[in-house]
Every structure is written in C-alpha cells, then in structure tokens.
Amino acid sequence: LDGIPEALMLGFMTNEGSVTFSFLVAIFIANFPEAFSGSSLLRGQKMPVSRILLMWMVLFTLTGLLAMIGSLIMPANVARGSDLAKKRDSATALMEGITGGAMLAMVSTAMLPEAFKGAGDKAGLIFVLGFVLSVWITCVGYRYGGPQG
C-alpha cells in the first residue's frame, strides 16, 4: 500500500533534484523489514522461494515504473514563483502527505502489532530507538549533503 505513493514521490523528488541521502536510507530501512516479514510469512506457508522472489521482483519493477511515471508527470525546470511552480509544489505537498499517511497506516496496522508479539514490552523502546536513528540519519544527511551536493 505505501509503495505506490512512495514510488511516485521518489519520481517527483528526482525531477526536482531534492532526493536526499536520508530519504533514500529511510526508504531502505522502511522497506527491508516489510519485505523480510512478508517473505518469512509466505515461506512459513510453504510457498517456494522462487515464487516469493518472483513476486518481489514484480513489485520492485512496478515500483520503479511508478517512480518513472512520477518523474514524467512532474514538470522540470520550472521558474520560481510561476503558476506552474505553485501547482507543482501543491502536488508535491499532497503526495508527501499521502505517502506519510500510507507509511503510518502500514506501520501501525502491520509492523507494530507484529513487533509487540515478537519483542513484547521491549517493542516500545525499540520503536523509540528506531525513531532516534531516523532523526540521526536526517541530521547526517543535512550535515554532509545529499547525492546531488
């Protein structure tokens, strides 16, 4: 669910030249546990590894295509202050909100209950430590710049 707006947002940000190191790390960190837990559940249901890999490869390809579509529909090289720039900024803000909401929905409905089952009372502490790590990664990204700078 969260991959669709996430991929479109990545395409938007690529066109604007605003993809940051912290955003790329956040995408990896957010998607790795999701993929790992989903794959382990499928494997627990005796699904063949080849089929699981094929499913993830299809999802990976579709996500890349959505990022490309996001880049193609977002105008590039727009003059600051123009009407088109205002529309682009509004569309970007809307997609950021949808992306954040989808990620929160996924975390609160799928990841946190599973974490509580596995880690018990320690899940809250681990969640806070993960949040602190994300703030630290953002600070490192601001300090050392993104891939463009």
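Leaving aside its neighbours within four places in sequence, which residues is T99 in contact with? Hi everyone, let's start there. This is a predicted model, so please keep that in mind as we go.

The answer is P5, E6 and M9: those are the contacts of T99 once the sequence neighbours within four places are set aside. T99 itself sits in helix 4, which covers residues 83-119. Its relative accessibility is 6%, and because the cut-off for buried is under 20%, T99 counts as buried.

Now over to helix 2, residues 21-44. A quick check on its length: with 24 residues at 1.5 Å a residue, helix 2 should span 34 Å, and its end C-alpha atoms are 35 Å apart, so the two agree. Just after helix 2, have a look at K46, which takes a positive phi of about 70°.

What does helix 2 pack against? Its buried residues pack against helix 1 (3-16) and helix 5. Buried in helix 2 are S22, F23 and I27.

Let's stay with helix 5, residues 122-144. Two packed helices are described by the angle between their axes and the distance between the axes. Here, the axes of helix 2 and helix 5 come within 8 Å and cross at roughly 150°. The cut-off for roughly antiparallel is over 145 degrees, and therefore that is how helix 2 and helix 5 run relative to each other. Their crossing is right-handed.

And who meets whom? From helix 2 we have F21, S22, V25 and I29, and they meet I137, T138, V140 and G141 in helix 5. By class, this contact has 5 nonpolar and 3 polar residues, with no charged ones. Thanks, everyone!

How values were computed
Residues numbered from 1 in each chain as written. Predicted model: local features only at pLDDT ≥ 70, side-chain atom pairs only at ≥ 80, totals over all residues. Heavy atoms only, no water. Axes fitted to C-alpha atoms, helices over the stretch in contact; angles between N-to-C directions. Helix = DSSP H or I, 4+ residues; strand = E, 2+ residues; numbered from the N terminus. Parallel < 35°, antiparallel > 145°, perpendicular 65-115°, else oblique. Left-handed = near helix turned anticlockwise from the far one by under 90°. Contact = heavy atoms within 4.5 Å. Nonpolar A, V, L, I, M, F, W, Y, C, P; charged D, E, K, R; others polar. Buried < 20%, exposed > 50% of the residue type's maximum accessible area, 1.4 Å probe, protein only. Expected span 1.5 Å × (residues − 1).
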